[in-house]
Amino acid sequence: MTPTDQSQPPLPVLRLNQGDPSEARIYYGVHFVAEALGFFRAEGVAVEFQVAGTGGHTVRGGQVPAVLAGGAELTVGGPMVTMKMLEDGEDRLVSFCAVAAGNPWILAGPAGAPTVELEDLAGKTIVDVANVGTATMTFLWLLAKVGIELSSVTLVPGSGDEAADVASVAAGTYDFALHSLHALAPYIVSGRLSISAELAGPTGAVPWSAYIARPERIAAMRSEFVAFVRAIARAQAFMAMEPAIFTAKLVSEAYPGYPLDGLVAGFDGYHASGVLAPSPAISRADFERFSALLVDVGWLQRAASFDILVDNSLADAAVHVLSKRERKA
């Protein structure tokens, strides 16, 4: 064991709760990249990764309780949760750094099946593998937008056994599986499924996932949060410039049991579809587009406030410092 350097004071720590590790969300990989490349420590902060015992299928499920109870300073998850919580008169959390700038859900068919347009789905049977409320609502909203009568599409709830549902699609029992790319990538690279349609493009640019915290916690630890965002910005720039295989190899230990070629396919796919946020700031236009969508699908009763639920000041401060460094270099 290497002795610690007693001359260096310990770094301040931010605890990041990232939810259920079994979900293997590839677009969460940016903080693993920042850790692997030493960006957090270089910026003057240590990040402690936590996991939640259950998934985030309810508004207050998954990783959110840890932040509300003070067990973690920040989490990563869907701004749709913060929108709903505020509308329901619950705790206010703010999104302060972009993670996913698009819809990560796809339709996958049997291996070798051709790609399809959403307009072609009338008469098809689709298994909704994950049964995630906002993802399902968004898919049905997209079908309605392209003029599909919802009664003409059979959407079957997932069985709770992902592998069994995939086997049913591979065997032709269902035409397609509705699920996230990161969940289905291993089945795609193994030759059991093919991507039939990605939903990021049809949905449009929306802040599907972000780093989230209590505003009072951000205020109390502002320098640490700005350091965190600087590290994330550096990791985002790395991921945008380097081949997906480099990113996949860097973070593979964070996804135990996940095939390396699946990680490569996931990062490649999310780059191609614009799901991976290229920078920390959250676009007002994208947020308001997402809010309007969630009102249309019935998740929200009224439009959410960007000014109340988004804090871009950390991203602005982080980018300013990074730009100043570049000018000096």
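**Entry 1: the sheet with E1**

I began with the open sheet whose five strands come in the order E2-E1-E3-E10-E4, with mixed pairing. I note here that I am looking at a predicted model. Strand E2 (46-50) and strand E4 (94-100) are the edge strands; each has a single partner, so one side of each has no neighbour in the sheet. On average, neighbouring strands here are turned by 25° against each other, direction ignored.

Next I checked how E1 meets strand E3 (residues 74-77): two bridges join them, and they run parallel. One residue I followed there is asparagine 17, which sits in strand E1 (residues 13-17). Its bridge partner in E3 is threonine 75. Is asparagine 17 buried or exposed? Its relative accessible area is 4%, so I put asparagine 17 down as buried, the cut-off being under 20%. Leaving aside neighbours within four places in sequence, I found asparagine 17 in contact with a list of residues including Gln50, Val51, Ala52, Gln63 and Val76.

Then I looked up the helices against this sheet. Helix H1 (residues 29-36) lies across E1, E2, E3 and strand E10 (209-213), and runs at about 135° to E2. Helix H4 (residues 79-87) lies across E3, E4 and E10, at about 50° to E10.

**Entry 2: the sheet with E8**

I moved on to another open sheet of five strands, ordered E7-E6-E8-E5-E9, again with mixed pairing. Strand E7 (154-157) and strand E9 (193-198) are at the edges with a single partner strand each, so one side of each lacks a neighbour in the sheet. The twist from one strand to the next averages 35°.

Four bridges tie strand E5 (residues 105-110) to strand E8 (residues 176-180), and the two run antiparallel. I picked out two of the pairs: tryptophan 105 stands opposite serine 180 in E8, and leucine 107 has leucine 178 in E8 as its bridge partner.

How many residues of E8 are buried? I got five of the five, so E8 is largely enclosed by the rest of the structure.

What packs on this sheet? Helix H5 (residues 133-145) does, touching E5, strand E6 (125-128), E7 and E8, and its direction makes about 175° with that of E7. I also have helix H7 (residues 181-189) lying across E5, E8 and E9, at about 125° to E8.

**Entry 3: proline 202**

I found proline 202 in helix H8 (residues 200-203). At 36% relative accessibility, proline 202 counts as partly exposed. Not counting residues up to four places away in sequence, proline 202 touches Leu118 and Leu142. I also checked proline 202 against glycine 102: they are 100 residues apart in sequence, yet 9.9 Å apart in space, C-alpha to C-alpha.

**Entry 4: a surface patch**

Last stop, the surface. Which residues make up the nonpolar patch? I noted Ile245, Phe246 and Leu260, with about 230 Å² of accessible area together. Phenylalanine 246 belongs to helix H11 (residues 244-251). Its relative accessible area is 42%, so I list phenylalanine 246 as partly exposed.

How values were computed: Residues numbered from 1 in each chain as written. Predicted model: local features only at pLDDT ≥ 70, side-chain atom pairs only at ≥ 80, totals over all residues. Heavy atoms only, no water. Patch = residues over 30% accessible without salt bridge, like charges linked within 9 Å, V, L, I, M, F, W, Y side chains within 5 Å. Areas by Shrake-Rupley, 256 points an atom, 1.4 Å probe, with all protein chains shown as cover. Salt bridge = Lys/Arg side-chain N within 4 Å of Asp/Glu carboxyl O. Buried < 20%, exposed > 50% of the residue type's maximum accessible area, 1.4 Å probe, protein only. Pairing = 2+ DSSP bridges. Axes fitted to C-alpha atoms, helices over the stretch in contact; angles between N-to-C directions. Contact = heavy atoms within 4.5 Å.
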